[in-house]
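I open my notebook and start looking things up. I take the copies first, then the sheets, then single residues.

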Number of protein chains: 2
Amino acid sequence: MAVPLVAMSSLALAYAPANFPDAQASDPARLGWMVGSPPPADRTVRFEDGSYFQFPAMRWSVSNFRQLMPTINVSRGLGAPVPLEIALRKDIDGISFVPLGAKAPMTWEQSLAATYTDGIVVLHRGKVVYERYFGVLKPDGQHAAMSVTKSVVGTLGAMLVAQGHLDAGKRVAEYVPELTDSAFGGATVRQVLDMTTGLKYSEDYADPDAEVWAHARAGSPLPKPKDYEGPRSYYEFLQTVQPQGEHGQAFAYKTVNTDVLGWVIARATGRNVAQLLSEKIWSRLGAEQDAYFTVDSIGTPFAGGGLNTGLRDLARFGEMLRNGGRFSGQQIVPEAVIDDIRGGADKQAFAKAGYTLLKGWSYRSMWWVTDKEGGAFMARGVHGQRIYVDPKAEMVIVRYASHPVASNSANDPVTLPAFDALAEYLNRNKQQ
Amino acid sequence: MAVPLVAMSSLALAYAPANFPDAQASDPARLGWMVGSPPPADRTVRFEDGSYFQFPAMRWSVSNFRQLMPTINVSRGLGAPVPLEIALRKDIDGISFVPLGAKAPMTWEQSLAATYTDGIVVLHRGKVVYERYFGVLKPDGQHAAMSVTKSVVGTLGAMLVAQGHLDAGKRVAEYVPELTDSAFGGATVRQVLDMTTGLKYSEDYADPDAEVWAHARAGSPLPKPKDYEGPRSYYEFLQTVQPQGEHGQAFAYKTVNTDVLGWVIARATGRNVAQLLSEKIWSRLGAEQDAYFTVDSIGTPFAGGGLNTGLRDLARFGEMLRNGGRFSGQQIVPEAVIDDIRGGADKQAFAKAGYTLLKGWSYRSMWWVTDKEGGAFMARGVHGQRIYVDPKAEMVIVRYASHPVASNSANDPVTLPAFDALAEYLNRNKQQ
């Protein structure tokens, strides 16, 4: 059985041995995945049996999803890319910080291996001050954004609200009548955007009865088994999600909210999220590369986790947000959208979800909003994917990674203080 | 069962009714394929049951292969595209010609509908003099090149020969020992390039025992049925092809030759045809868009027919060839390669294949070489795909189409005199 990103990623977690090989030992270029004609049998990555997302093969797969699954293009348009200004700094590698829960310090450079980084770009005051690639990711490659996808789709949703195409106070059923009898029918668009819906939906991969498995089976682009009687697309699955608890009370991070938002967006605009992302953002960003979404068997983009992009283009996206939605002389996202995200959401509702490393944070329009002064906000995808926009430090970090453990709680003890140390360092040591 | 392009395309031919709806009535935008969230059941295109390549759904599919199958990228690089100079001419639409076997004349504009054209670009003396799009193909879209792929891969093969990386006189088995016991083992690389191999391989789709079906099953990226015991990739299939007749005697157009060439290229260079096409040509062409190949279940690009590109980029490729391999200030393909193709191959060997509309032509390095003065040459893909390079007329035509009948013999009676009339007209009416 093949399952989508969120599910497989945690399968790797559930079944992997306690001790993983380190970044160098698991380097997908060094291991030679999919090299040769044909590649050796034990270095061949196939989608059909789900092994593509077992560590360490997964380290190749995250840079090559389109070779495994059908996808839909997010066109950058046909014009010239807008070059990023480059002002690389060699002093960054030596920045030192202490990982959470540790005693010994670690350098920035060491943090890259510790987080199984595939690629990282740092912008300070609009210039690229740091850029590195590892394994099989290259500047002209495309990497899975995982749940960073949610923040991109959330941005589209918030834009449509700001521009009057979506009413955040309306119930989902008004846009998608098929969801009337599901848990989502009575939720508002805002509750979906902030993931405060009350859903009977478990993402506990250790539980074979968890709803995430039905979601995965429905969304797989592979043909269904002959005896399969369940939902056959993301849209069909979403209609089966049942309510649990009250909407609007607590933040609960559940991928299906973003898939519902994608459906609402499609109904409100006549375009799916891939088409809309190209039209509203990607084609106006001076992107170097097209991006893409994985799709289910009827061409539905996986709004909850299917985006793949070039790393520098993700940096352009982050820098656009840092600049209040402006980039390359255009207002791409309304400034009010960025201000609203920076302002965060209900911290008490967020606290109920129990993220011990994210105290004082909140979740707004599918962005993780920190407790930092200036409203720094983050997109977070399993296995270490990140966009970090720190307006006060005038800094943007984008990182693609393939950490063996899906949950970001495994890399946050390194990631969070590393990002903070870099922000502080750049603030203190401004380049002229 | 899902089957690759060449196979499905002729299935459509075999099973379609005698009278097809015309271009307007079968327009995929008008019919609304894959529009809606979800699309209506009778407007949903799925890969798994093969219906995606039945007419008229096929008219959507040829512009959206990546939504149906896994694919591998052909990067254009990250720089600025090289703009094509535009000098559109309105006088072209009215050019008149008489289709072969007809009595009444037809205009150029009428020929577009008659050939179910999805997009067409004409360059004259390096400038775009004509550009039109129909149905769901847009300038920023990508369309299946079908067997035009062969000419692109053949160009790569001929380049490698010219540059000394491949020896055209060597036998295939020297590059791919796994093919030693197949029909290909004793054939030379040149015989493969010119398709004069003697193969027991039928592309007769009406015959359920034809080898093309085994080729199709092997190359499908979908999981194999449980009781399936045949080859599981293009490479595995190629090893099963048996000899018939002598090599070097007669031209016989068989897709597997190009798949073998792709394998030889991979062994000689360490890169598959997608990677090599990017490196040697696409990234040096100032292309607007990445291209892509469909792949089998182990990531092998379908060298015989899996390329998809933007139409203008195909025009750049054709214009580069017209200019003796130079484009945008670079020598991309050695001039000797183009001269060799223009010179054609053994016309007697070609005549044995019995193409009644192509008398005096030949087949060289996977290009169809006409009998025109100056060595005009053509890439031909089922359902009407074309690159036509006419050096004497200083003209390049690229066309993507979705004609209901796979075989080009169905559209050649319109296509061939239309292209000739345009060449003659442009020669007589040169723009200043």
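**Entry 1: the copies.** I checked how the two chains meet. 100% of the interface residues of chain B are also interface residues in chain A, so the copies meet through the same surface. Next I looked up how chain B is laid on chain A: a turn of 180° and a shift of 0.0 Å along the axis give an RMSD of 0.0 Å. That is the relation of a two-fold axis. The copies are superposed by least squares on C-alpha atoms of residues with pLDDT of at least 70 in both.

**Entry 2: ground rules.** I note that this is a predicted model, where local features need pLDDT of at least 70, side-chain atom pairs count only at pLDDT 80 or more, and totals for chains, interfaces and linings use all residues. Residues are numbered from 1 along each chain as its sequence is written, chains are lettered from A and ligands numbered from 1 in the order in which they are written, and side-chain values use heavy atoms, without hydrogens and water.

**Entry 3: the record.** UniProt, in an unreviewed entry, places "domain: Beta-lactamase-related" at residues 119-405 of chain A; such annotations may be inferred rather than shown by experiment. I find 30% helix and 19% strand over residues 119-405 of chain A. Helices (H or I, at least four residues) and strands (E, at least two) are DSSP runs, numbered from the N terminus.

**Entry 4: a sheet in chain B.** I followed an open sheet of 8 strands with mixed pairing, in the order S2-S6-S5-S18-S17-S16-S15-S14 (chain B). Its edge strands are S2 (85-86) and S14 (362-364) of chain B, each pairing on one side only. Strands pair if DSSP finds at least two bridges between them. S2(B) pairs with S6 (residues 127-133) of chain B in the parallel sense over 2 bridges. There, Glu85(B) stands opposite Lys127(B).

**Entry 5: strand S10 of chain A.** Which residues point one way from S10(A), and which the other way? Ala291(A) and Phe293(A) point one way, Tyr292(A) and Thr294(A) the other, and all are buried. Buried means under 20% relative accessible area, exposed over 50%, partly exposed in between (1.4 Å probe, protein chains only). S1 (residues 71-74) of chain A runs antiparallel to S10(A), joined by 4 bridges. Ile72(A) stands opposite Phe293(A). S11 (residues 307-309) of chain A is also antiparallel to S10(A), with 2 bridges. Tyr292(A) has Asn308(A) as its bridge partner in S11(A).

**Entry 6: Glu211(A).** I found Glu211(A) in helix H8 (residues 211-219) of chain A. Glu211(A) is buried, with a relative accessible area of 18%. Beyond neighbours within four places in sequence, Glu211(A) is in contact (heavy atoms within 4.5 Å) with Lys200(A), Tyr201(A), Ser202(A) and Phe237(A).
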